[in-house]
Amino acid sequence: MRTRVDHLVIAATDIARGVQWAEKALGVLVPRGGVHTTMGTHNHVMRLGEELFLEVIAINPDGPPPLKPRWFGLDDPSVRARLDRSPAFLAWVVNTDDMDGLLASAPMSWGRATPVTRGDLRWRFALPSDGRLLAGGMLPYAIQWDTPHHPARAMPDLGCRLLSLDIHHPYPEWLGEGLDAIGPVDLVRVHPLPPLELPRMTARIDTPEGVRLLESMPGAGAC
């Protein structure tokens, strides 16, 4: 089972506000993406590698509400309260070539494989029935693309690359076991925290302006 980091997720209550936050953090423009009709969201996306990208996502105010909770906890009151204060690096997603095998191997419920589309793109996304963040965003969602080539290859190359994703957690063994169960994930490192400290993530991204950091707010998501 091949498992790799697929994309990083910055969430916001308003897409323009989220894009502004991301562009200030990285020093580059984040191109427009599209609309997820099934999920009631829209996004901007930016390439971070041959098969890796950054997504800025928000609820689409012009679309109908979805029939199920939105992904990334966007309908969770605690997540929405957090995003009301500021956009945030909220979650991450892994790419698998065996979604059924990944879900069977996961030590906890990763959700059900749900078909999603955006324009000509088709994929399956492991979506928890309540849309919750997995381990407050520290554990990834899973995606399997139903396309000949990864969509990042069609995105403009702005010279940005993900160097590493560091996850700091008070229960690193538990988190590490969860990641190992779905296959070793390149670029991801788990670090211990004292028991009473809140988990957090740091993505190191090489940009034309030098290495920039995307840091999640400790405790930004609901478990």
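**A residue and its surroundings**

Tutor: Thr-41 has its place in strand β3. Strands (E, at least two residues) and helices (H or I, at least four) are DSSP runs, numbered from the N terminus. Please note that this is a predicted model, in which local features need pLDDT of at least 70 and side-chain atom pairs count only at pLDDT 80 or more, while totals for chains, interfaces and linings use all residues. Residues are numbered from 1 along each chain as its sequence is written, and side-chain values use heavy atoms, with hydrogens and water left out.

Student: Is Thr-41 buried or exposed?

Tutor: Thr-41 counts as buried because its relative accessibility is 0%. Buried means under 20% relative accessible area, exposed means over 50%, and partly exposed lies in between (1.4 Å probe, protein chains only).

Student: Which side chain does Thr-41 join through a polar contact?

Tutor: The side chain of Trp-71 joins that of Thr-41 in a polar contact of 3.3 Å. A polar contact is a pair of N or O atoms within 3.5 Å; within protein, one must be able to donate a hydrogen and the other to accept it, and residues adjacent in sequence count only if both atoms are side-chain atoms. Leaving aside neighbours within four places in sequence, Thr-41 is in contact (heavy atoms within 4.5 Å) with residues including Val-35, Ile-57, Arg-70 and Leu-74.

Student: Arg-70 came up there. What does the side chain of Arg-70 meet in a salt bridge?

Tutor: The side chain of Arg-70 meets that of Asp-75, at 2.7 Å from N to O. A salt bridge is a side-chain nitrogen of Lys or Arg within 4 Å of a carboxyl oxygen of Asp or Glu. Arg-70 is buried, because its relative accessible area is 9%, whereas Asp-75 counts as partly exposed at 29%.

Student: Why do such pairs form at all?

Tutor: Side chains of opposite charge can pair when their charged atoms come close.

Student: How many salt bridges are there in the whole structure?

Tutor: A search of the whole structure finds 11 salt bridges. One of them joins the side chains of Arg-2 and Glu-51, at 3.8 Å from N to O. Arg-2 lies in the segment before β1 (3–11) and Glu-51 in the loop between β3 (41–49) and β4 (52–59), so this pair ties together parts that are 49 residues apart in sequence. Arg-2 and Glu-51 also belong to a network of salt bridges that links them with Arg-4 and Arg-153.

Student: And what about Asp-100, which residue does it pair with?

Tutor: Asp-100 forms a salt bridge with Arg-124, and their closest N and O atoms are 3.6 Å apart. This pair links distant parts of the chain, with Asp-100 in helix α3 (residues 99–105) and Arg-124 in strand β7 (residues 121–127), 24 residues apart. Asp-100 is exposed, because its relative accessible area is 52%, while Arg-124 is partly exposed at 29%.

Student: Let us change topic. Which residues touch the most other members of the largest nonpolar core?

Tutor: They are Leu-8, Leu-48, Trp-92, Leu-165 and Leu-214, in a core of 42 residues. A nonpolar core is a set of buried Ala, Val, Leu, Ile, Met, Phe, Trp, Tyr and Cys residues joined through side-chain atoms within 4.5 Å.

Student: What does Leu-165 touch?

Tutor: Not counting residues up to four places away in sequence, Leu-165 touches residues including Leu-8, Trp-92, Leu-187 and Met-201.

Student: Where is Leu-187 found?

Tutor: Leu-187 is in the loop between α4 (172–181) and β10 (188–192). Its phi is near 75°, a positive value in a residue other than glycine. Leu-187 counts as partly exposed because its relative accessibility is 35%.
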